[in-house]
Amino acid sequence: MYVCLCHGVTDRRIREAAAAGARDLADLSAMTGCATGCGSCAQLATQLLAEHRAVLDFPLPLLQAA
Ligand code: FES
């Protein structure tokens with residue numbers, strides 16, 4: 001899904017930026033251009049980045065077969 005129409009940034013690109021080390025909107029903007037145009041995507045982009053960071057920072061443990 002497109003999050004930033006001004007710069008064609010998708011939720012997948014935000015996930016990739018998170019995996020590459022983006023920690024906040026400033027990082028994401030520097031890496032993708034997201035939220036550097038009209039700015040209307042900033043809130044959603046920040047939310048998606050935080051969700052992706054949470055998964056990376058606190059991964060679920062793998063279930064082990066009994
Ligand atoms: S939609 Fe992202 S800067 Fe305009």
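Does Ala 17 count as buried or exposed, and how many C-beta neighbours lie inside 10 Å? I took this up before anything else, with the reminder that the model is predicted. I found 23 C-beta neighbours inside 10 Å of Ala 17, so the residue counts as buried; the cut-off for that is 20 or more.

**Ala 17, continued.** I placed Ala 17 in helix 1. I then listed its contacts, leaving out residues up to four places away in sequence: Ala 17 touches Ala 22, Leu 28, Met 31 and Thr 32. I also looked up the distance to Val 3, which sits 14 residues away along the chain; the two C-alpha atoms are separated by 13 Å.

**Overall layout.** I noted 3 helices and 2 strands in the protein. Read from the N terminus, the order of the elements is β-β-α-α-α. I took the extent of the C-alpha trace along the principal axes and got about 55 × 20 × 15 Å. Of the 66 residues, 26% count as buried. I then turned to contacts with a separation of 6 or more, and found that residues 24 or more positions apart account for 51% of them.

**Helix 3.** I checked the length of helix 3, residues 42–57, against its residue count. At 1.5 Å a residue, its 16 residues should span 22 Å, and the end C-alpha atoms are 22 Å apart, which agrees.

Which residues of helix 3 are buried? I have Ala 45, Leu 48 and Leu 49. Seen down the helix axis, these buried residues fall within an arc of 100°, so they line one face of helix 3. On the other side I found Gln 43, Gln 47, Ala 54 and Asp 57 exposed.

What do the buried residues of helix 3 pack against? I recorded strand 1 (2–4), helix 1 (11–19) and helix 2 (25–32) as their partners. Helix 1, one of these partners, is also the helix that holds Ala 17.

**Ala 35.** I located Ala 35 in the loop between helix 2 and helix 3. Its phi is near 70°, and I marked this as a positive value in a residue other than glycine.

Conventions: Residues numbered from 1 in each chain as written. Predicted model: local features only at pLDDT ≥ 70, side-chain atom pairs only at ≥ 80, totals over all residues. Helix = DSSP H or I, 4+ residues; strand = E, 2+ residues; numbered from the N terminus. Expected span 1.5 Å × (residues − 1). Buried ≥ 20, exposed ≤ 12 C-beta atoms within 10 Å, placed from the backbone. Arc of directions from axis to C-beta. Contact = placed C-beta atoms within 7 Å.
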